[in-house]
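Here is a short briefing for a first look at a structure. Keep the sequence and the model open while you read.

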Amino acid sequence: MLNSIFDELNWEKAWREDSMTGVNMMKAAGIVPERSFDATAQKYNDQCFNEEGRQRTERIIGWLEEQGVTLEGASVLDIGAASGGFSIPFAERGAQVTAVEPSLPFVKLLEENSQKWAKGKIDIVKDVFENIDIEKEGWEKAFDFVFVSMCPAVTDWESVERILSCASKFCYISLSAGPREHSLTNEILSNLKHPYTKPHNSEMIYLMQLLYLKGYAFHSLVTKEMKTAEVSRETAIQEVLNWLKIYQYPVDIETHRIIEDYLDKNYPSDPVTVYQGGRFGKVLVKLEDQNMYFSKKHGKMNS
């Protein structure tokens, strides 16, 4: 057992073949990961830029700055930028951002947000990161800071190496660190008639273990983050159905009836308040200066 803990190849294989990771569960349910948020892009955008979303973003950026990341004058690659929840504040802090986003609904919102808040500071690449020829584009070690937050481009260690290859100083990767939570789905699960498979979403375990075994210097943090949303009855039903597809639960007439009966009894009027989120891991890999960083702002040593 002890030997297997230190076996890099075993960890790489386990991550690659784990059927319970978020991306693999989506694929098994017939969901194309990079298209999975197309229908809810506007809702996601609203959540990113409302007060709660902006505060969440500021907390993450504040943590990065405490660890030594300087955005003023930096070149930043934001992989899976969505509507610019991080690309925009990075640009507002003086960074030149290259934002990679394949979803056309998100690209449209990103273009609008960029024009509104960060004109001329964000270059948008409308493609799946996996399809980009890094060498041809001249992206090898081309960016001071590479940022990847909850993006399906991170599927295994090989994909992590590809992401790391673009960074010269820092690379931030955020992944699930436990099961995702959707309050309404969790409430309805006990009313279902058939067994279901709930993913453990343990990608963070693989990432941290392999970074450690391969000799990287990094800061890590695991937190619980929840978002509140008020949605229509129709949207609430569709969200539950989407989650059940990932849980590999049969979505049929009976499933619809169970959900509708539950809403009739417990949420008889619009809107329906839904809480979603979970535990998330954040890793900042230090590729240039691997020492501890002294934060003058806070007058303390960070490790």
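K141 counts as exposed, at 60% relative accessibility. The model is a predicted one.

- K141 sits in the loop between helix 8 (134-137) and strand 4 (143-149).
- The phi of K141 is near 55°, a positive value in a residue other than glycine.
- A82 also has a phi near 55°, again positive in a residue other than glycine.
- The loop that holds A82 runs between strand 1 and helix 6.
- A82 is buried, with a relative accessible area of 7%.
- Most residues other than glycine have a negative phi, and most peptide bonds are trans.
- D270 and P271 are joined by a cis peptide bond, with omega about -10°.
- P271 has its place in the loop between helix 13 and strand 8 (272-286).

**Buried residues and polar contacts**

- S87 is found in helix 6, which covers residues 87-92.
- The relative accessibility of S87 is 0%, so S87 counts as buried.
- The side chains of S87 and D78 are joined by a polar contact of 2.6 Å.
- Beyond its neighbours within four places in sequence, S87 is in contact with D78, A81, V97, A99 and I122.
- Q67 lies in the loop between helix 5 (51-66) and strand 1 (75-79).
- Q67 is buried too, and its relative accessible area is 5%.
- The side chain of Q67 makes a polar contact of 3.4 Å with the side chain of H219.

- G53 lies in helix 5.
- At 2% relative accessibility, G53 counts as buried.
- Apart from its neighbours within four places in sequence, G53 is in contact with Q47 and C48.
- In sequence, G53 and T228 are 175 residues apart. In space they are 9.8 Å apart, C-alpha to C-alpha.
- K116 lies in helix 7, which spans residues 104-117.
- K116 counts as exposed, with 60% relative accessibility.
- K116 and T228 are 112 residues apart in sequence. Their C-alpha atoms are 25 Å apart in space.

**Helix 11**

- How many of the eleven residues of helix 11 (residues 203-213) are buried? Eight are, and the helix is mostly covered.
- The buried residues are E203, M204, Y206, L207, Q209, L210, L211 and L213.
- G215 follows helix 11, and its phi is positive, near 85°.

**Helix 4 against helix 7**

- Two packed helices are described by the angle between their axes and the distance between the axes.
- Helix 4 (residues 41-49) packs with helix 7 at an angle of about 35°. Their axes are 9 Å apart.
- The crossing of helix 4 and helix 7 is right-handed.
- Helix 4 brings A41, Q42, Y44, N45 and F49 to the contact. Helix 7 meets them with P105, F106, L109, N113 and W117.
- The residues of this contact divide into seven nonpolar, three polar and no charged.

**Helix 12 against helix 13**

- Helix 12 (residues 233-246) and helix 13 (residues 253-266) pack at an angle of about 135°. Their axes lie 11 Å apart.
- That angle makes helix 12 oblique to helix 13.
- Helix 12 and helix 13 cross in a right-handed way.
- On the helix 12 side, the residues are R233, I237, V240, L241 and L244. On the helix 13 side, they are T255, H256, I259, E260, L263 and D264.
- What kinds of residues make up the contact of helix 12 with helix 13? They divide into six nonpolar, two polar and three charged.

How values were computed: Residues are numbered from 1 along each chain as its sequence is written. This is a predicted model: local features need pLDDT of at least 70, side-chain atom pairs count only at pLDDT 80 or more; totals for chains, interfaces and linings use all residues. Side-chain values use heavy atoms; hydrogens and water are left out. Axes are lines fitted to C-alpha atoms, for helices over the stretch in contact, and angles run from 0 to 180 degrees between N-to-C directions. Helices (H or I, at least four residues) and strands (E, at least two) are DSSP runs, numbered from the N terminus. Angles under 35 degrees count as roughly parallel, over 145 as roughly antiparallel, 65 to 115 as roughly perpendicular and the rest as oblique. A crossing is left-handed if the near helix is turned anticlockwise from the far one by less than a right angle, and right-handed if clockwise. Contact means heavy atoms within 4.5 Å. Ala, Val, Leu, Ile, Met, Phe, Trp, Tyr, Cys and Pro count as nonpolar, Asp, Glu, Lys and Arg as charged, and the others, Gly among them, as polar. Buried means under 20% relative accessible area, exposed over 50%, partly exposed in between (1.4 Å probe, protein chains only). A polar contact is a pair of N or O atoms within 3.5 Å; within protein, one must be able to donate a hydrogen and the other to accept it, and residues adjacent in sequence count only if both atoms are side-chain atoms.
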